[in-house]
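Subject: Structure for your review

Hello,

Here is the structure I said I would pass on. My notes follow it.

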Amino acid sequence: MTITSSRKPCVLLTSNQYKPNIGGIENSLYHLSQEYIQLGYEVIIVTSDLNPDNKSLPDVEVEDGVTIYRYKTGRDQGIGRGIKHIRNAISLYKTVLKKHDPELAVCRFHFNVVYLKALGYQNLVYLVPGVVENETKASLRQQTTFLGKVKGSLSFSLHKLMQRWAFSCSDKLFVFSENMLQQVRKINKDKAIRTCKPGVSLSRFSLVSRSEKHQLRERLGVADNGKVFLCIGRFVKAKGFDTAIEALKLLDGDATLWLLGEGTEEQELRALCNRLNVDAKVKFLGRQSCPEEYYKAADFFIMSSTYEPLGQTILEALSCGLPIVGACASDKVITATSEILSSTNNILLDAHSAKSFAEGMKTLMALEDSDYALLQQQNRTLAEQKFSWNKLARELASED
């Protein structure tokens, strides 16, 4: 883009969460912000003050050249909190739009799309993070009390409604996979939908040799001598970490499973490890600010999700050259794993079950060193060729 005035054009990036939260959406906002800075834009991020440690965060701060604005969500519970949340968000958007006059807004949360459209904003891109109708079903199934089910159903209905509005009122609609396009198309049959691909930080997520992996494990304090499988994500039902644990139980060889993350399912997962007597083989490593070190130190990656719009973690695993085992898309597995891995020599399973994952894990463990190194390089090359933050930033800002 050619800049003809002394003032830089402005891009607004927004979601309901950003740093210090760690996740795929937060990661995408950060990397897009850095690409837009390189392209000559002023970059604004608007988000909430939600964070895992319930800390008090600054209302406004500048980090890595980006101005971050946060609206307060409130600490109380119930409908009052929701009303305050909405009021604070809309008020902040009014202020930001008036002060910065962004020529492009990229939204990654459906409520924020609706807020901006209600304020009359015109160049609104909705980069869909997931389809609520599919994403939330697994969460609802976890509710065991009547009150929990009622609250969950009401929240689910509200989010479905808001996302339907977001699909309709966005000026441009982007998704990360054909699988996801079909999900959105079932809800909105008329809207033009474009597919794009997210990026991955190739410098941050990089290849290391098998000998270097053991050195890394020593430094990280997880000195496992056998084969190490890695799962990363929120501890929720849709991630399928219970299946990975059950598969580990079926392995004969010396294998360890690393789980990076946190969430509502942690105690249930720990209890499962105890019941299966695999406590010593499963390491709960918590939420990590530098997950790339654990990718590099692991031998293999397990994509065990039953719902994943695309899966940033699978791109990070590719970039680090980790051989991957995952399940093909089906009625019960709504992911883009098949789209990403179908042309590779990674392991794609026909069934999402502990037995199938165990067989796939055994196949990876049996790889000769030369075959392992070849698959490492193939995965790294795929990441380099297909997944670029710069390309995504340009696509979202294009006028086509």
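In this predicted model, helix 9 (residues 241-249) packs against helix 14 (residues 354-365) at an angle of about 60 degrees. The axes of the two helices are 8 Å apart, and their crossing is right-handed. Helix 9 contributes Thr-243, Glu-246, Ala-247 and Leu-248 to the contact, while helix 14 contributes Ala-354, Phe-357, Ala-358 and Met-361. By class, six of the residues in this contact are nonpolar, one is polar and one is charged.

Asn-179 belongs to helix 7 (residues 178-187). Its relative accessible area is 18%, under the 20% cut-off, so Asn-179 counts as buried. Apart from neighbours within four places in sequence, the contacts of Asn-179 are Ala-329, Ile-334, Thr-335 and Glu-339.

The other residue I looked at is Lys-172, which sits in strand 7 (residues 172-175). Is Lys-172 buried or exposed? The relative accessibility of Lys-172 is 12%, and because the limit for buried is under 20%, this residue is classed as buried. What does Lys-172 touch, if residues up to four places away in sequence are not counted? The list consists of Asn-123, Leu-124, Val-125, Tyr-126, Arg-194, Leu-396, Ser-398, Glu-399 and Asp-400.

Now for the protein as a whole. There are 16 helices and 14 strands. The radius of gyration is 21 Å, which agrees with the value near 21 Å that a compact globule of 400 residues would have.

Of the 400 residues, 52% are buried. The accessible surface comes to about 18,300 Å², and carbon and sulfur atoms account for 50% of that area. As for contacts between residues at least 6 apart in sequence, 69% of them join residues at least 24 apart.

Regards

How values were computed: Residues are numbered from 1 along each chain as its sequence is written. This is a predicted model: local features need pLDDT of at least 70, side-chain atom pairs count only at pLDDT 80 or more; totals for chains, interfaces and linings use all residues. Side-chain values use heavy atoms; hydrogens and water are left out. Axes are lines fitted to C-alpha atoms, for helices over the stretch in contact, and angles run from 0 to 180 degrees between N-to-C directions. Helices (H or I, at least four residues) and strands (E, at least two) are DSSP runs, numbered from the N terminus. A crossing is left-handed if the near helix is turned anticlockwise from the far one by less than a right angle, and right-handed if clockwise. Contact means heavy atoms within 4.5 Å. Ala, Val, Leu, Ile, Met, Phe, Trp, Tyr, Cys and Pro count as nonpolar, Asp, Glu, Lys and Arg as charged, and the others, Gly among them, as polar. The radius of gyration is taken over C-alpha atoms; the globule rule is 2.2 Å times the number of residues to the power 0.38. Buried means under 20% relative accessible area, exposed over 50%, partly exposed in between (1.4 Å probe, protein chains only). Accessible areas come from the Shrake-Rupley method with a 1.4 Å probe; for residues, only the protein chains shown count as cover.
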